[in-house]
Amino acid sequence: RDRNALNFSGGPGALPASVLAAAEQAMIEVPDVGLSILGISHRSDWFAEVVAETENNIRRLLGLPDTHAVLFLQGGATLQFSMIPMTLLRGSGRTADYLRTGYWSAKSIPPARLEGRVRLLWDGEPGRFRALPEVAALPYCEDAAYFHYVSNETVEGLQFHRIAGLDTVPRVCDMSSDFLSRPFDPSRFDLIYAHAQKNLGPAGVTVVILRPELLDQMPDQLPPQLPPVLDYRAHLKARSIYNTPPVFAIYVVMLVTRWLLHQIGGLQAMARINQRKAARLYQVIDKSQGFYRGWAPGAHRSEMNVVFNLATPELEAAFLRQSSEAGFSGLQGHRSLGGIRASIYNAVTESAVETLADFMQDFAGPRG
Ligand code: PMP
């Protein structure tokens with residue numbers, strides 16, 4: 001069996017087979033350049049074009065207006081947990097509003113507290129992060145410095161299917177695990193960030209989309225504690241080549257965005273495929289008469305991470321062992337939660353999901 005084809009890893013996740021083949025070739029020799037991608041200067045015209053095409057592809061996929069800039073940064077989504085409050089909260093005298101809806105949004109909050117006051121509009125931990133709030137019913141504050149949430153909680157498999165926040169407060173969103181999996185209105189966001197290693201490419205690059213106007217409130221002179229490499233303005237000015245960027249990772253993001261545009265046909269088409277994939281697995285869970293127990297309730301189930309338990313840890317271990325023997329990878333739940341997690345990012349095919357659904361039904365026996 002092709003193990004790449006049955007990779008359900010939570011991240012770094014599966015990439016399209018055609019992208020892997022092109023990346024393999026680039027490792028030895030990039031067509032038109034005649035050099036390995038690992039040895040091409042980030043100051044070359046060729047690489048400037050790669051950055052420009054990747055940005056344009058993302059703009060086309062999202063319908064991104066000119067009010068918003070696209071940056072390719074390093075440090076993962078985790079660095080954004082700090083860069084955002086350093087930029088928008090430090091010295092503002094205001095409060096930042098956060099939703100604490102799962103493992104990753106919980107991680108985003110302590111770095112913000114280092115920079116200023118943080119208010120939780122919702123804390124799902126007492127409910128063991130098993131549900132999301134209704135976005136219309138949250139106690140938003142009109143003069144918050146910004147509002148931050150995570151659109152898809154990768155660990156728990158909880159996804160917002162509506163945009164949270166107020167249109168009058170800067171809206172900041174960690175879309176690391178569902179960016180480019182479905183269309184949305186990017187003009188309603190002031191800052192979006194997504195690391196590449198779910199739907200976009202390899203680890204090493206993080207896409208940040210922001211409205212530069214948001215930075216106008218910052219003083220011209222940086223606070224002395226803010227290193228220039230952490231200043232969005234430095235990266236904007238340098239068009240993402242402030243220092244040596246991850247050339248290979250950005251190249252692969254370009255290949256993946258080409259695949260989305262030309263092979264898949266855009267985000268509407270991608271979303272339809274992703275919906276069918278998720279529905280197939282949830283159907284197996286729902287029809288199993290409690291053999292499989294979904295973590296998230298129906299309304300907030302993720303179309304990217306299908307998280308479930310079996311009756312006992314022993315049964316879960318047997319499931320993982322047998323699935324691995326059958327060629328599946330990455331099904332082990334996150335280390336903080338245990339259980340099973342099937343991550344069905346863009347590159348996981350419908351046929352791979354069908355194979356997993358069949359395996360789950362067989363494993364459950366007559367109840368499946
Ligand atoms: N946010 C979300 C939603 C994530 O899923 C993850 C990691 N899986 C992170 C942030 C942390 O990302 P990184 O490891 O790139 O810093």
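Modeller: Domain bounds here come from an automatic or database domain assignment. The model itself is predicted.

Biologist: Which stretches make up domain 1 and domain 2, and how far apart are their C-alpha centres?

Modeller: The assignment gives domain 1 as 3–16 + 266–367 and domain 2 as 17–262. Their C-alpha centres lie 26 Å apart.

Biologist: What makes residues of domain 1 and domain 2 count as a contact, and how many does each domain give?

Modeller: Two residues are in contact if their C-beta atoms, placed from the backbone, lie within 7 Å. By that cut-off, domain 1 brings 30 residues and domain 2 brings 32 residues.

Biologist: Which element gives the most to the side of domain 1 that touches domain 2?

Modeller: Helix 7, with five residues. Helix 7 (267–286) and strand 11 (305–309) each supply at least two. By class, that side of domain 1 holds 14 nonpolar, 13 polar and three charged residues.

Biologist: Why do strand 7 and strand 8 count as paired?

Modeller: Pairing needs at least two bridges found by DSSP. Strand 7 (residues 171–174) and strand 8 (residues 191–195) have three bridges, so they pair, in the parallel sense. D174 stands opposite Y193 in strand 8.

Biologist: What is the strand order of the open sheet, and which are the edge strands?

Modeller: Seven strands run 1-9-8-7-4-2-3, with mixed pairing. Strand 1 (69–73) and strand 3 (117–123) are the edge strands, as each pairs on one side only. Neighbouring strands are turned by 20° against each other on average, direction ignored.

Biologist: Which strands does helix 3 touch?

Modeller: Helix 3 (residues 76–88) packs on the sheet and touches strands including strand 2 (95–100), strand 4 (146–150) and strand 9 (206–210). Strand 7 and strand 8 are touched as well. The direction of helix 3 makes about 160° with that of strand 8.

Methods. Residues are numbered from 1 along each chain as its sequence is written. This is a predicted model: local features need pLDDT of at least 70, side-chain atom pairs count only at pLDDT 80 or more; totals for chains, interfaces and linings use all residues. Helices (H or I, at least four residues) and strands (E, at least two) are DSSP runs, numbered from the N terminus. Axes are lines fitted to C-alpha atoms, for helices over the stretch in contact, and angles run from 0 to 180 degrees between N-to-C directions. Ala, Val, Leu, Ile, Met, Phe, Trp, Tyr, Cys and Pro count as nonpolar, Asp, Glu, Lys and Arg as charged, and the others, Gly among them, as polar.
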